[in-house]
Amino acid sequence: MSNGTEKIISELRQLKTIRARCQQIFELGCQQKLDHFSVHLDNLNAVVDAVHELMTQDYKNMAVPNHSRWRHFEAAEPNWAERLEQDSGGVGAREWLKRHCDLIVVSVLLDAGAGPQWTYTDPVSNKILSRSEGLGVASLRMFERGLFSSNPRNLFQADAAALSALTLQNLESGFQVSSENPMVGLEGRLALLGRLGEALRGRSQEFGGGDQARPGNMVDGIMKKASGSLDVSELWRLVIVGLQDIWPTEGRTHLHGVFLGDVWHHSKLGDKGKPEAFIPFHKLSQWLTYSLLEPFWAAGIKIEGQEELTGLPEYRNGGLFIDYEVIKPKREDIVRVPQSPSSECIIEWRALTVILLDKVATLLREKLGLSESDLSLAKVLEGGTWKAGRRVASSKRAGGTPPIQVVSDGTVF
């Protein structure tokens with residue numbers, strides 16, 4: 001691979017490139033030069049008001065938690081983490097971190113949309129959950145049962161051997177899938193976890209290598225470098241480079257045999273194959289990074305540089321802007337016919353969402369008189385745009401389905 005190609009791949013993996021490329025699409029939208037959507041910023045204040053109403057209603061002192069997978073585990077039981085600390089000899093601080101990192105990685109990779117019909121009945125709380133909360137709690141219960149561990153002395157881990165040996169029946173049982181309770185993209189999730197197992201085996205420096213390689217082994221390298229603080233860029237490198245081999249290849253952008261994951265071509269930025277015409281989103285990788293920050297915070301480690309992460313371009317955040325008519329589809333088929341993640345319609349929707357989330361965060365801080373450090377984008381997402389997107393969807397459509405349906409393979413949305 002040439003130095004030029006390596007430079008292009010590196011650029012497409014940088015968080016700043018996500019914002020820069022999405023900004024180009026946003027500017028075209030504001031000039032009404034996009035093929036699929038028009039942009040109406042005069043409706044943006046209504047979104048800000050809706051998010052503000054939710055945040056002040058749910059968080060009286062504006063003590064908004066960060067957007068992360070932990071919130072979904074809490075949907076079943078607030079003290080879920082205590083179970084991960086149980087074993088005969090107790091667990092040290094480093095193993096505590098590793099367990100939580102293991103759980104978060106497998107749980108986030110299982111977190112793509114499940115479809116409107118699927119639900120999960122939690123055997124611990126007896127709550128019936130769906131969508132993200134259901135997926136989160138189901139993955140937590142599978143983790144607690146040791147489904148992702150090949151080590152009988154530590155069920156609370158995820159390792160290469162167990163991940164590679166998972167079967168479709170394992171996941172069907174874990175997610176309570178049946179003909180009456182179907183889940184979208186189950187095969188894609190299984191393949192993703194299988195590729196995770198292989199990736200862990202091959203990355204000895206980051207994850208230990210071999211059958212007992214764990215996502216949580218990233219803690220060892222991080223703790224060597226961290227002196228009471230962790231820069232997001234270091235965690236991002238572990239996720240975007242260390243896990244680069246987990247993403248599917250069919251229909252995905254690649255350069256000289258390197259598959260780039262959640263990166264797509266848009267013709268408004270250039271001809272197909274031109275590096276400047278690729279728009280990276282890395283939604284699941286960013287969601288994973290946001291979620292991995294949580295155990296490090298809990299361990300008392302200071303996090304620096306989290307503002308580099310973008311808002312997550314998925315159907316709740318994106319649906320918020322369509323339902324409030326900040327962005328309007330130019331054709332009826334966009335909302336009537338399921339769309340592929342690779343379609344320029346979906347690429348435009350996601351790119352506009354990234355920039356509009358930044359704008360909502362800025363306006364919300366101004367409204368509340370808070371700084372970016374007081375009200376981070378992670379808090380805006382949680383407090384927040386994601387909830388507002390769900391609420392407005394429920395008011396407009398039966399079952400709270402998003403305004404645009406995306407054909408999911410379980411690895412993008």
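## Around Pro215

Leave out residues up to four places away in sequence, and Pro215 touches Cys101, Asp102, Val105, Ala158, Leu200 and Phe207. Keep in mind that this is a predicted model. Pro215 sits in the loop between helix H10 (204–207) and helix H11 (218–225).

Is Pro215 buried or exposed? Its relative accessibility is 1%, so Pro215 counts as buried, given that the cut-off for buried is under 20%. Pro215 and Ile104 are 111 residues apart along the chain, yet their C-alpha atoms are separated by 9.1 Å.

## The nonpolar cores

The largest nonpolar core has 120 residues, and Phe148, Phe175 and Leu196 are the ones that touch the most other members.

Take Phe148: setting aside neighbours within four places in sequence, its contacts include Val106, Leu110, Met142, Phe143, Ala162, Leu163, Leu166 and Leu193. Ser139, Gln157 and Asp159 are also among the contacts of Phe148. There's a second, separate core of 7 residues too, with Ile9, Leu12, Val258 and Phe278 among them.

## Where H14 meets H17

The axes of helix H14 (residues 315–323) and helix H17 (residues 377–396) come within 8 Å and cross at roughly 55 degrees. That is why H14 and H17 count as oblique to each other. Their crossing is left-handed.

Which residues of H14 make the contact? Arg316, Asn317, Leu320 and Asp323 do, and they meet a set from H17 that includes Leu381, Trp386, Arg390, Val392 and Lys396. Sorted by class, the contact has 6 nonpolar, 3 polar and 4 charged residues.

Methods
Residues numbered from 1 in each chain as written. Predicted model: local features only at pLDDT ≥ 70, side-chain atom pairs only at ≥ 80, totals over all residues. Heavy atoms only, no water. Axes fitted to C-alpha atoms, helices over the stretch in contact; angles between N-to-C directions. Helix = DSSP H or I, 4+ residues; strand = E, 2+ residues; numbered from the N terminus. Parallel < 35°, antiparallel > 145°, perpendicular 65-115°, else oblique. Left-handed = near helix turned anticlockwise from the far one by under 90°. Contact = heavy atoms within 4.5 Å. Nonpolar A, V, L, I, M, F, W, Y, C, P; charged D, E, K, R; others polar. Core = buried A, V, L, I, M, F, W, Y, C linked by side-chain atoms within 4.5 Å. Buried < 20%, exposed > 50% of the residue type's maximum accessible area, 1.4 Å probe, protein only.
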